[in-house]
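Good morning, and thank you for coming. Please look at the sequence and the structure on the screen while I speak.

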Amino acid sequence: MTFDPTWLALREPYDHAVRDPDLTRAFVDALGEAPELIDLGSGTGSNLRYLAPYLPSAQRWICVDHDPQLLARLEMTKPATADVMVEQLDLAKGLESLRLRPGMGVTSAALLDLTSAAWLDRLARHCRDTAVLMTLSFDGRVIWDPIDPADAAITMAFCRHQGSDKGFGPALGPDAADYFVESLEHAGHRVRVATSDWVFGPADESILSAMVDGIAQAAGEFDPDLPLDAWRARRLLEIQTSALSLTVGHLDLLGLPECLGLPE
């Protein structure tokens with residue numbers, strides 16, 4: 001699957017604001033003075049733009065995505081301080097073609113929940129000797145304020161839709177981060193997890209509207225009999241009157257090979 005660059009640009013400042021700084025610093029510290037990183041599912045480069053200022057100037061990146069148009073946007077906006085190479089690759093099929101050396105870093109943002117158990121097991125095995133930072137994995141929490149009578153059914157349908165095949169096999173959706181923790185531990189990593197929740201309020205009208213539309217569309221694809229038009233109309237009115245807030249749960253996780261240890 002691919003993503004609309006407009007949506008990626010809309011969410012980027014929110015993504016950056018909620019990422020866990022302690023996990024970021026521990027990941028950076030594990031990579032040393034001349035870090036080499038591979039960014040999986042890079043899109044337009046949000047993860048690169050977030051991490052680059054934390055890293056030494058000698059940093060080198062390989063940014064991997066299957067969408068050449070997104071990679072072209074990344075090349076136009078990449079930080080001047082980073083040595084960046086892009087690689088177009090279908091990660092579902094070609095993951096093992098990425099050459100990883102001990103001491104490298106592997107990272108991604110908003111990728112895990114799109115993938116399957118089998119693919120995550122492959123990823124954990126492939127990253128056996130590398131530091132891993134995977135961020136912004138949706139964990140199933142969707143909390144509306146005020147509550148609407150249709151919320152529970154629509155959220156359930158949305159989460160079930162997250163389990164559809166996104167190109168990696170049946171996606172784990174909200175269960176992906178927890179599953180990958182176990183996969184990494186089995187591969188010999190020590191793992192730490194932190195929350196990175198989106199919290200939207202009256203000042204966030206554009207992304208709230210996009211979330212209402214996106215959740216309604218996804219839920220409708222799973223269960224078209226839900227009262228989605230009425231629910232969407234009520235939610236959009238609440239946005240217009242500055243009455244709606246929304247929390248969307250995410251998890252960040254850091255995995256380090258035991259030889260590197262894991263800071264307390």
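This is a predicted model: local features need pLDDT of at least 70, side-chain atom pairs count only at pLDDT 80 or more; totals for chains, interfaces and linings use all residues.

Let us begin with the salt bridge between Arg 49 and Glu 12, whose side chains meet at 2.7 Å, N to O. Arg 49 belongs to helix α3, residues 46-51, and Glu 12 to helix α1, so this pair ties together parts that are 37 residues apart in sequence.

Is Glu 12 buried or exposed? With a relative accessibility of 15%, Glu 12 counts as buried, because the cut-off for buried is under 20%. Arg 49, by contrast, is partly exposed, with a relative accessible area of 22%. Helix α1, where Glu 12 lies, covers residues 5-18. Which residues does Glu 12 touch, if we set aside those up to four places away in sequence? They are Ser 46 and Arg 49. The side chains of Glu 12 and Arg 49 are also joined by a polar contact of 2.7 Å.

How many salt bridges are there by the rule used here? The count comes to 12. I shall take two further pairs.

In one of them, Asp 148 forms a salt bridge with Arg 234, and the closest N and O atoms are 2.6 Å apart. Asp 148 sits in the loop between β5 and α7, while Arg 234 is in helix α10, residues 228-240, so the pair ties together parts that are 86 residues apart in sequence. Asp 148 counts as buried at 6% relative accessibility, whereas Arg 234 is partly exposed, with a relative accessible area of 36%.

In the other pair, Asp 151 forms a salt bridge with Arg 235, with the closest N and O atoms 2.7 Å apart. Here helix α7 contributes Asp 151 and helix α10 contributes Arg 235, so parts that are 84 residues apart in sequence are tied together. Asp 151 counts as buried at 8% relative accessibility, and Arg 235 is buried too, with a relative accessible area of 0%. There is also a network of salt bridges that links Asp 139, Arg 141 and Asp 197.

Let us turn to the strands. Strand β4, residues 105-109, has 4 of its 5 residues buried, so it is largely enclosed by the rest of the structure. Which strands pair with β4? Strand β1, residues 36-40, pairs with β4 in the parallel sense over 4 bridges, and Leu 37 has Gly 105 as its bridge partner in β4. Strand β5, residues 131-145, also pairs with β4 in the parallel sense, over 5 bridges. The bridge partner of Val 106 in β5 is Val 132. As a general point, side chains in a regular strand alternate between the two faces of the sheet.

Finally, the nonpolar cores. The largest has 29 residues, and those that touch the most other members are Leu 40, Leu 91, Trp 119, Leu 123, Met 134, Phe 180 and Leu 253. The elements that give two or more residues to this core include β1, β5 and α8. Its largest share, 5 residues, comes from α8. Apart from this core lies another, of 28 residues, including Phe 138, Phe 158, Leu 226 and Val 248.

Returning to Leu 91, what does this residue contact beyond its neighbours within four places in sequence? Its contacts include Leu 40, Val 64, Trp 119 and Phe 168.

Technical notes
Residues are numbered from 1 along each chain as its sequence is written. Side-chain values use heavy atoms; hydrogens and water are left out. A polar contact is a pair of N or O atoms within 3.5 Å; within protein, one must be able to donate a hydrogen and the other to accept it, and residues adjacent in sequence count only if both atoms are side-chain atoms. Contact means heavy atoms within 4.5 Å. Buried means under 20% relative accessible area, exposed over 50%, partly exposed in between (1.4 Å probe, protein chains only). Two strands pair if DSSP finds at least two bridges between them. A nonpolar core is a set of buried Ala, Val, Leu, Ile, Met, Phe, Trp, Tyr and Cys residues joined through side-chain atoms within 4.5 Å. A salt bridge is a side-chain nitrogen of Lys or Arg within 4 Å of a carboxyl oxygen of Asp or Glu.
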